[in-house]
Amino acid sequence: MALTTTHAPETKNAQTVGMAQIAIVTDPGVVRTVLGSCIGLLLYHAARKTGALAHIVMAQQAGRTGPPGKFADTAVPWMLQELSAKGAGRAGLTAKITGGAAMFGGSGPIQIGAANLDAVVRLLEEQRIPIVAQHVGGSKGRRVTFDSHTGDVIVEIVGQQPVIL
Amino acid sequence: MADSTQGDPSLAVLKQAFATATQHASMAMCQWTRGSVSLELDRLHTAPLEEAMGLFTDCMDLMVMIVLAVKGTDASQLILSFDESRGRQLAANLLQREVPADAEWTELEKSALMETGNILASAYLNELTRLAGRQLLPAPPVFVQDYGTSVLEQALMVQACVSDEVMISSTRFVFDAKAVDWNVLFLPDAALSQTIQDAIFFRV
């Protein structure tokens, strides 16, 4: 679902979304994250130009501790609640998904990225939120930049042209 | 984030073990680089994954890394990381050549850095083998050019799957008598950390 290629926008003032964090971004706003096997999930409301970008580490909380953004099954409800509070209701949301790589060939935890992706897709289906673009898998890290004004997600991979989702 | 070992005797024991291993790695590196590179243990962190990763927000740009898994462990890894220009500078120094003008890394440059990782990891793990009473060997080095945090994230994921906290031992480098922003990160899994602690306590 990659559309075009471009250069990433100026990101000096971009807020960084660290592991297990969720950024709620209103217009104008630019946020950035770097993903390996984690999933970057963007929920975006085009009419409100408001989005939430989560850096999800694992599929399920299953009694473990951590902020809502750490687990897919806690991140999605938290994002929906926070977006709703900003006037970005579920009916107007679309999703874009990035990340889920399996790095270092056979020595890495290959199944984690795929498990994270499966969990996120399932949760979005349950909430009836359409996935309009995804850039997932592979064996390289991704640097991801989200611009709330355009709704664009720019995905950079070392040695490749950036891609806009 | 401060060093995690203060007030925790078991972590202090581990830190001492990693400091000794680092000293051995430093001697090996000094020999390999004809005295231009040495290293010293900086900090030992134990923290939830998301907090530990917060230490490395300056690694969002392209880095060059040599990643070595520790054979016979679930997830222990040793990562040697540089920014692009300093990695090439070290390779040029080892090869006794000028840094090539070509943007692409040559196979020879990659090989010089991978061998550096091998030497460093072998010296480090030899000493841990002695302390732990269990043979620890490095797997073949992997040369990675990628965003630093994405590699570290992946390296820590197996630890994170079984524990709410991860452990990172970080090391300072000195190159030509100047402190430089290179890193050796040792990421022991929980079972290996426990083995080392038990071996040292038992010996005492």
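Student: Which residue just after H1(A) takes a positive phi?

Tutor: This is a predicted model. Just after helix H1 of chain A, the phi angle is positive, at about 85 degrees. The residue with that angle is A:Gly87.

Student: How far apart are the end C-alpha atoms of helix H1 of chain A?

Tutor: Helix H1 of chain A covers residues 72-85, which is 14 residues. At 1.5 Å a residue it should span 20 Å, and the model agrees with this. The end C-alpha atoms are apart by 20 Å.

Student: Which residues of H1(A) are buried?

Tutor: A residue counts as buried if 20 or more other C-beta atoms lie within 10 Å of its own. In H1(A), the residues that are buried are A:Ala72, A:Thr74, A:Ala75, A:Val76, A:Met79 and A:Leu83.

Student: Is A:Ile164 buried, exposed or partly exposed?

Tutor: A:Ile164 lies in strand E11 of chain A, residues 163-164. Buried takes 20 or more neighbours, and exposed takes 12 or fewer. A:Ile164 has 18 C-beta neighbours inside 10 Å, so it counts as partly exposed.

Student: What distance separates the C-alpha atoms of A:Ile164 and A:Ala133?

Tutor: Along the chain, A:Ile164 and A:Ala133 are 31 residues apart. Their C-alpha atoms are separated by 9.5 Å.

Student: Which element gives the most to the side of chain B that touches chain A?

Tutor: In all, 25 residues of chain B are in contact with 26 residues of chain A. Elements of chain B that give two or more residues to this side include helix H2 (49-53) and helix H5 (148-162). The most, nine residues, comes from H5(B).

Technical notes. Residues numbered from 1 in each chain as written. Chains lettered and ligands numbered in written order. Predicted model: local features only at pLDDT ≥ 70, side-chain atom pairs only at ≥ 80, totals over all residues. Helix = DSSP H or I, 4+ residues; strand = E, 2+ residues; numbered from the N terminus. Expected span 1.5 Å × (residues − 1). Contact = placed C-beta atoms within 7 Å.
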